[in-house]
Amino acid sequence: MGTVKKIAVLPGDGIGPEIMEEALKVLRKVEDLFGHSFQFTFGMAGGGAVDRVGNPLPEETLSLCKQSDAVLLAAVGGPKWDNNPPELRPEQALLGLRKSLNLYANLRPAVLFEGLENASTLKPEVVKGVDLLVVRELTGGIYFGEKKRERLEDGQQATDTLVYHEREVERIVRRAFEIARGRRKKLTSVDKANILESSRLWRSVVDRVARDYPDVQVEHVLVDNCAMQLIRRPADFDVIVTENMFGDILSDETAMLTGSIGLLPSASLGEGMTGLYEPVHGSAPDIAGQGVANPAAMILSAAMMLRHSFGYEEAATAVEQAVRKVLADGHRTADLAGPGTLAVGTEEFGDLVVEAMNAYEPDPKVPLEVVM
Ligand SMILES: NC(=O)C1=CN([C@@H]2O[C@H](COP(=O)(O)OP(=O)(O)OC[C@H]3O[C@@H](n4cnc5c(N)ncnc54)[C@H](O)[C@@H]3O)[C@@H](O)[C@H]2O)C=CC1
Ligand SMILES: CC(C)CC(=O)C(=O)O
Ligand SMILES: [Mg+2]
């Protein structure tokens, strides 16, 4: 048996605790099936932490995360805290964690699973074959630039600043090229170089780095056009690399190619092994506490953790295959259940995934463990 992996568990707000419970259930099954061993330590983050200790990311939580091998986060935020001053907003927990752990690379895969061909709002022939990855820069750009609010004579004025250093662009772009090399070797760099200086810098870095990857086909697409092409010809995309805010917005769009945002996981990585794993979606306050949220994105985020932080490729594959099987067998949470289809709840979906894991059969083509 390998070493015990320390996992910081941050359930957060809204549907967070409900979906986290299901991911932990699946990870306990991974322990049983594969002999891995996890130590889960819970931490406070988000609105709940604001209410309890007046800080969305308490020092205790930050040091827990820094001392852990990986961080699992469900979601933070909700209307209760929307009018709080900036430092008391739940979302600050996310920004603080990403920055403190230097998690600059956010991987957001969007794949159309078997059985969900009719789940998208787009025609089945349009979404057929969708298998793309958004590589989003996560620690720079407008979310982190200087912000200010001023009172002028004729009213208020607000400023957000978008800054990128060449170094920050190069490291995410290189990472995206490396990833593209291991996939279908097609990279789409998304920017707004017709208007933004930061985008012109971005584009020049992509062109320079591209010389080191002659085997990867590169295209530059303006973000507004990309938003449209994602709906027009989504299966043509392989890896999309883009800055922080564009990646945030485009990845929510890709959710609807797959059927639901409740299916999209993510991994946030830096140079070290302590990655952060969270669904692409937020705390879904509109359905919180009802037991109806789709836990797949959270469970698949846990699978990404097994792969990227621990190198447990076989266990990651087993979890992913189990989620695919449950969906292929026709089980649907409310977000995916069409009219007349009986939906399963959050807990039941988690139980079905655990049950499906019992039937896991190793694929001889998949290496058992990846050396990171
Ligand atoms: N990583 C995080 O913690 C994020 C937090 N947020 C925060 O979450 C709160 C709500 O934001 P929204 O804009 O409403 O985005 P959201 O992603 O929470 O919800 C958007 C829509 O998708 C649905 N949805 C989301 N996840 C689902 C799931 N697992 N199963 C079924 N349906 C699901 C919701 O019910 C809602 O109708 C805000 O406070 C926002 O700041 C938003 C995005 C990311
Ligand atoms: C709530 C945020 C800080 C950002 C967001 O929507 C995301 O990372 O997906
Ligand atoms: Mg988002």
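The model is predicted: local features need pLDDT of at least 70, side-chain atom pairs count only at pLDDT 80 or more, and totals for chains, interfaces and linings use all residues. Residues are numbered from 1 along each chain as its sequence is written, while chains are lettered from A and ligands numbered from 1 in the order in which they are written.

**Domains**

Begin by selecting residues 1-106 together with 264-372, which form domain 1, and then 120-258, which form domain 2; such bounds come from an automatic or database domain assignment. The C-alpha centres of domain 1 and domain 2 are 24 Å apart. Eleven residues from domain 1 and 16 residues from domain 2 take part in the contact, where two residues are in contact if their C-beta atoms, placed from the backbone, lie within 7 Å.

On the side of domain 1 that touches domain 2, select helix 4 and strand 4 (105-111), each of which supplies at least two residues. Helices (H or I, at least four residues) and strands (E, at least two) are DSSP runs, numbered from the N terminus. Helix 4 provides the largest share of this side, three residues. By class, this side of domain 1 has six nonpolar, three polar and two charged residues. Here Ala, Val, Leu, Ile, Met, Phe, Trp, Tyr, Cys and Pro count as nonpolar, Asp, Glu, Lys and Arg as charged, and the others, Gly among them, as polar.

**Helices 6 and 7**

Next, select helix 6 (residues 166-181) and helix 7 (residues 197-210), whose axes are 9 Å apart and pack at an angle of about 45 degrees. Axes are lines fitted to C-alpha atoms, for helices over the stretch in contact, and angles run from 0 to 180 degrees between N-to-C directions. To view the contact, display Glu-166, Val-169, Glu-170, Val-173, Arg-174 and Phe-177 in helix 6, which meet Leu-201, Trp-202, Val-205, Val-206 and Val-209 in helix 7. This contact of helix 6 with helix 7 comprises eight nonpolar, no polar and three charged residues.

**Ligand shells**

Now centre on ligand 1, which 22 residues surround; the closest are Gly-77, Gly-262, His-281, Gly-282 and Asn-294. A residue is near a molecule if its C-beta atom, placed from the backbone, lies within 6 Å of it. The shell around ligand 1 divides into eleven nonpolar, seven polar and four charged residues.

Finally, move to ligand 2, surrounded by Glu-91, Leu-94, Leu-95, Asp-248 and Val-280. Helix 4 (residues 91-100) gives the most to this shell, with three residues. By class, the shell around ligand 2 has three nonpolar, no polar and two charged residues.
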